[in-house]
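Here is a colleague's note to read beside the model. Please go through the points in order.

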Amino acid sequence: MRNTKAFKEAVAGTLAELAHHGVTVRPGTVADTVERNIRAVAERLGIQERSAWRYFDPAGLAASIAQQRQASEDASASGHVGRAPMPPVDNPELALILGGVPDALEENGGDLYAVILNVAVNAWMAGHIHGEDGCTGCKDKRPTGTDWQARMDTITTMQPDITKWFSREVWTAALNDTGYGVTRT
């Protein structure tokens, strides 16, 4: 399917429509979405895939993708930041996690998957610890309770300038210092 003219035109048309919406999506993601949609239409209507192209609407698909993207951004709005399992944006533990990314990338030879996995797990744990008092699974599980503020104070003394890691420019410079960088191809 991906080698057909109709498929290539559908992906190009959808990407153009997304650009009109001001949304940037990786072409491979759009291609996967187009393929899934064509296969789903063909299956539901009981027709061949090549006949399903007459039902394809690049503008409609682009609008749907843009709407999903907006809904995702709205769900991640600042009103939701800082609720478990995501720590507050100025959390010292989160700063340590962000600050460790360039070093981790250098230490593991540029294995971005390993770095992202490490960041995800550690950020979740930081958020979970921050929100433990409100976590129904953790509430009253520690006989001594949680001392979140003591933990944050300890971390702050380990890394006095925690705010620098929340600057995109500082983080990118540290990443580039390791000899690695993120480029778009």
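1. Start with the aromatic rule. Rings of Phe, Tyr and Trp (its six-membered ring) pair if their centres lie within 6.5 Å; planes under 30 degrees apart count as stacked, over 60 as edge-to-face and the rest as tilted. By this rule there are two aromatic pairs. Phe-7 and Trp-53 are edge-to-face, because their ring centres are 6.3 Å apart and their planes stand at 80°.

2. On the basis of the model: it is predicted, local features need pLDDT of at least 70, side-chain atom pairs count only at pLDDT 80 or more, and totals for chains, interfaces and linings use all residues. Residues are numbered from 1 along each chain as its sequence is written, and side-chain values use heavy atoms, with hydrogens and water left out.

3. Phe-7, Trp-53 and Phe-56 form one aromatic cluster.

4. Phe-7 and Trp-53 are both buried. Trp-53 has a relative accessible area of 16%. Phe-56 counts as buried at 18%. Across the 185 residues of the protein, 28% count as buried.

5. Now the helix packing. Helix 5 (residues 92-107) and helix 8 (residues 168-177) pack at about 15°, with axes 8 Å apart. Axes are lines fitted to C-alpha atoms, for helices over the stretch in contact; angles run from 0 to 180 degrees between N-to-C directions. Helix 5 is therefore roughly parallel to helix 8 (angles under 35 degrees).

6. Which residues make the contact? Helix 5 gives Leu-98, Val-101, Pro-102 and Leu-105; helix 8 gives Trp-171, Ala-174 and Leu-175. Contact means heavy atoms within 4.5 Å.

7. Overall, the protein has eight helices and zero strands. Among contacts between residues at least 6 apart in sequence, 61% join residues at least 24 apart.

Terms used: Buried < 20%, exposed > 50% of the residue type's maximum accessible area, 1.4 Å probe, protein only. Helix = DSSP H or I, 4+ residues; strand = E, 2+ residues; numbered from the N terminus. Parallel < 35°, antiparallel > 145°, perpendicular 65-115°, else oblique.
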